[in-house]
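Today I want to look up how charged side chains pair up in a protein model.

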Amino acid sequence: MAAFRFIDLFAGIGGLRIPFESLGGDCVFSSEIDKFARQTYQANFDEEPHGDITLIPELIICSAIGEPISPGLISVIVFKSSVLLIFP
């Protein structure tokens, strides 16, 4: 089982995903609006991120998480234009 799970928003080509996975994290959802960045992300991780986050139904994101998470248990990391939500 993963040490933690995370959501990779505004993922770009996945530069922040690599260190989080190396620390034992499991990426359960990713989103990137740029078509070419999504293609590169898919080549890097063998999965294509969802597109524009504003067009993704909340239910899809919630089902990726898998269970209700208390807001106090979510950590948010912002680096440049990438956002990661980390939860147990």
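Which pattern does the protein follow when read along the sequence? I read it off as β-α-β-α-α-β-β. That goes with 3 helices and 4 strands; helices (H or I, at least four residues) and strands (E, at least two) are DSSP runs, numbered from the N terminus.

Ground rules before I go on. This is a predicted model, where local features need pLDDT of at least 70 and side-chain atom pairs count only at pLDDT 80 or more, while totals for chains, interfaces and linings use all residues. Residues are numbered from 1 along each chain as its sequence is written, and side-chain values use heavy atoms, with hydrogens and water left out.

**Entry: salt bridges**

Side chains of opposite charge can pair when their charged atoms come close. I looked for salt bridges (a side-chain nitrogen of Lys or Arg within 4 Å of a carboxyl oxygen of Asp or Glu). My search of the whole structure turned up 3.

**Entry: around Arg-17**

I looked up Arg-17 and found a salt bridge to Glu-21, 2.8 Å from N to O. Both sit in helix α1 (residues 17-22), and because they are 4 residues apart, about one helical turn separates them.

Arg-17 also has a salt bridge to Glu-47, at 3.1 Å from N to O. Glu-47 lies in the loop between α2 (35-45) and α3 (58-65), so this pair ties together parts that are 30 residues apart in sequence. I noted that Arg-17, Glu-21 and Glu-47 are linked in a network of salt bridges.

Arg-17 is buried at 5%. Glu-21 is partly exposed at 31%, and Glu-47 is partly exposed at 29%.

**Entry: Arg-38 and Glu-48**

Where does Arg-38 find its partner? I traced a salt bridge to Glu-48, with the closest N and O atoms 3.3 Å apart. Arg-38 is in helix α2 and Glu-48 in the loop between α2 and α3, 10 residues apart, and the pair links distant parts of the chain. Arg-38 is buried at 16%, whereas Glu-48 is partly exposed at 44%.

**Entry: the whole protein**

Last, I checked how much of the protein is buried: 34% of the 88 residues. I also looked at contacts (heavy atoms within 4.5 Å). Of those with a separation of 6 or more, 43% come from residues 24 or more positions apart.

Notes. Buried means under 20% relative accessible area, exposed over 50%, partly exposed in between (1.4 Å probe, protein chains only).
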